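Hello,

Here is the structure I promised to pass on to you. Please open it alongside this message, and I will then go through what turned up in it.

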Amino acid sequence: MTTLQQLLPGAVVAPRNTGLRRATRALRPARTVPGALVSLTLAAGLGATAAEVVAALLGRPLGWVPVNELIELAGRSTWPELEIVAMGLAGAGTLMLLLAIMPGRTRLVPVETDDPLIVIGITRAGLRRTLRAAAQQVAGVERASVRLRRRTIEVTVMTSGESSGQMLRQVGTVVGDRLAGVGTLSTCEVVVRLRRRAA
């Protein structure tokens, strides 16, 4: 028990490394394509430059990198003339490096497990199908669609007959129970919307 909890018995202190945070971090895919592009570009450019420098020092230039033309271009050009091009190249390089370093957005929804060393995820499409099937089991619901948002799960139900708030509450309860049954580590709020079928 922390000192804060001893001082304030009713206070709830959330753990820093929760299961949701740990699972989300583990399920994030690495951005391998941008990383590979950055690595190959840097390796090819720096390797060709190093080979050209070594060959020039030995008196046999390879001609892979037009060193003399680049030196002449640099001597003829001033900074204001090349400022936009240089800034654009620097920005593109920085963007590619950031894309390679930062992990991608996870396509899986974390599922709770008893073992903290095991991380399991369910696909977003699979979770949508599961929740849609649960919503369609409620009496009076003809069709349902589910959208997974960042903070909410939107369930839109379609009905042709008279509907009541009781039915919408029942859909929310059934979907919430199915979420709990699947064991998703989600803090999303379930929002149920009604759409009437045109007569």
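This is a predicted model: local features need pLDDT of at least 70, side-chain atom pairs count only at pLDDT 80 or more; totals for chains, interfaces and linings use all residues.

A word on one term before anything else: a residue is called buried under 20% relative accessible area, exposed over 50% and partly exposed in between, using a 1.4 Å probe and protein chains only.

Residues are numbered from 1 along each chain as its sequence is written, and side-chain values use heavy atoms, with hydrogens and water left out.

**The overall layout**

The protein chain has 7 helices and 5 strands. Both are DSSP runs numbered from the N terminus: helices are H or I with at least four residues, strands are E with at least two. Reading from the N terminus, the order of elements is α-α-α-α-α-β-β-α-β-β-α-β. As for contacts (heavy atoms within 4.5 Å), residues 24 or more positions apart make up 58% of those with a separation of 6 or more.

**The sheet**

Three strands form an open sheet in the order β3-β4-β5, with mixed pairing; two strands pair if DSSP finds at least two bridges between them. The edges are taken by β3 (143-148) and β5, each with a single partner strand, so one side of each has no neighbour in the sheet. From one strand to the next, the twist averages 20 degrees. Angles here run from 0 to 180 degrees between N-to-C directions, with axes fitted as lines to C-alpha atoms, for helices over the stretch in contact.

Strands β3 and β4 run antiparallel and are joined by 6 bridges. Look for L148, whose bridge partner in β4 is I153. Helix α6 touches β3 and β4, and its direction makes about 145 degrees with that of β3. Helix α7 touches β4 and β5, and its direction makes about 140 degrees with that of β5.

**Helix α7**

Helix α7 covers residues 165-182, and at 1.5 Å a residue its 18 residues should span 26 Å; the C-alpha atoms at its ends are 26 Å apart, so the two agree. The expected span is 1.5 Å times one less than the number of residues.

Which residues of α7 are buried? They are M167, V171, V175 and L179. These cover an arc of only 115 degrees around the axis, which puts them on the same side of α7; the arc is that of the directions from the helix axis to the C-beta atoms. On the other side of α7, you will find R169, D177, A180 and G181 exposed. The cover over the buried residues of α7 includes α6 (124-136), β4 (152-159) and β5 (189-196). Just after α7 comes G183, with a positive phi of about 85 degrees.

Residue V155 sits in strand β4 and counts as buried, at 0% relative accessibility. Leaving aside residues up to four places away in sequence, V155 touches A135, S145, V146, V171, V175, V190, V191, V192 and R193. One of these, V192, is 37 residues from V155 along the chain, yet their C-alpha atoms are separated by 4.7 Å.

Strand β4 also holds E154, which is buried at 14% relative accessible area.

**Salt bridges**

How many salt bridges does a search of the whole structure find? There are 2, a salt bridge being a side-chain nitrogen of Lys or Arg within 4 Å of a carboxyl oxygen of Asp or Glu. In one, E154 pairs with R149, and the closest N and O atoms are 3.5 Å apart. R149 is partly exposed, at 38% relative accessible area.

E154 also forms a salt bridge with R193, at 3.6 Å from N to O. This pair links distant parts of the chain, with E154 in strand β4 and R193 in strand β5, 39 residues apart. R193 counts as partly exposed, at 41% relative accessibility. Through shared partners, the salt bridges join R149, E154 and R193 into one network.

Enjoy looking around!

Best wishes
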